[in-house]
Amino acid sequence: MKLLASLASPYTRKVRVVLIEKKIECELELVDVQPLDNAVNAHNPLGKIPTLVLDDGTPLYDSRVIVQFLENVSPISRLIPDDNRDRVAVRRWEALADGVLDAGLLVRYESLRDKKERSQAWTDKQLARMRRGMEQMVKDLGERGWCHADRYSLADIAVGCCLGWLGFRKPGEVDWQAEYAPLAQHYKRLMERPAFADTAPQLPR
Ligand SMILES: N[C@@H](CCC(=O)N[C@@H](CS)C(=O)NCC(=O)O)C(=O)O
């Protein structure tokens with residue numbers, strides 16, 4: 001298996017953390033998805049990473065599909081519960097974390113446009129979405145040590161990858177560690193796990 005990846009991509013980090021937790025060997029191929037024509041297009045019409053290419057050449061995307069596949073192929077470290085209500089709760093956490101990330105990425109992409117092409121109203125809308133999402137995370141996390149059912153799961157992985165990227169790229173200069181202290185504490189706890197510490201976001205090489 002080969003994972004088309006970038007060391008800065010938070011969705012790719014989600015897959016990398018799952019691979020490590022489940023002790024699944026996988027080659028990492030670093031790609032640049034910025035150019036219109038890029039190496040990913042041949043495998044994924046959306047031209048996005050992560051894309052996982054299986055040994056028989058079958059490409060899998062996006063990160064949610066890939067993590068489900070990995071969960072199914074290895075019984076080591078169960079990250080997605082079997083029970084329907086528990087599973088849906090974990091996947092809703094993932095949807096929330098990915099949604100905050102989607103908004104953060106839009107803020108970042110907008111900030112990279114020419115100044116006169118930027119829309120402040122658009123940026124503000126995405127920032128408001130990011131903040132509502134993080135407020136919801138704080139509420140849902142409450143006093144618990146883990147996002148769902150007192151055990152580490154894909155919910156924590158998705159939230160951790162989201163927070164790690166927000167700290168790395170700082171879209172909109174939002175200081176989430178100061179504004180949402182319980183999330184900062186949660187991220188600190190996650191970074192104690194080798195799977196997180198070993199995949200901290202890095203600038204593309
Ligand atoms: N929903 C997708 C999002 C993937 C995504 O947006 N990846 C970014 C990198 S972090 C990307 O490939 N962007 C390239 C582009 O938008 O052109 C997933 O979960 O895999």
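User: Which classes of residue line the largest cavity?

Analyst: This is a predicted model, and in it the lining of the largest cavity has six nonpolar, two polar and one charged residues.

User: How does one find such a space, and what is the volume of the largest cavity?

Analyst: The general idea is that rolling a probe the size of a water molecule over the atoms shows where empty space is left. In this structure there is one cavity of 30 Å³ or more, and the volume of the largest cavity is about 30 Å³.

User: Which residues line the largest cavity?

Analyst: Its lining is made up of Leu-7, Ala-8, Ser-9, Pro-10, Arg-13, Cys-161, Trp-165, Thr-199 and Pro-201, and the elements that contribute two or more residues to this lining are α1 and α5.

User: How much space lies in the largest pocket, and which residues are closest to its centre?

Analyst: A pocket is an open set of points, whereas from a cavity the probe cannot get out. The largest pocket holds about 970 Å³ of space, and among the 32 residues lining it, Ser-9, Val-33, Ile-49, Leu-105 and Tyr-109 are the closest to its centre.

User: Which elements give two or more residues to the lining of the largest pocket, and which gives the largest share?

Analyst: Two or more residues each come from α1 (10-21), α2 (63-73), α3 (84-112) and α5 (154-169), with α3 giving the largest share, seven residues. Sorted by class, the lining of this pocket has 17 nonpolar, six polar and nine charged residues.

Conventions. Residues numbered from 1 in each chain as written. Predicted model: local features only at pLDDT ≥ 70, side-chain atom pairs only at ≥ 80, totals over all residues. Heavy atoms only, no water. 1 Å grid on protein atoms, 1.4 Å probe; cavity = no way out; pocket = protein on both sides within 12 Å on 5 of 7 lines; lining within 4 Å. Points joined across faces, edges and corners; volume = space filled by probe spheres on them. Helix = DSSP H or I, 4+ residues; strand = E, 2+ residues; numbered from the N terminus. Nonpolar A, V, L, I, M, F, W, Y, C, P; charged D, E, K, R; others polar.
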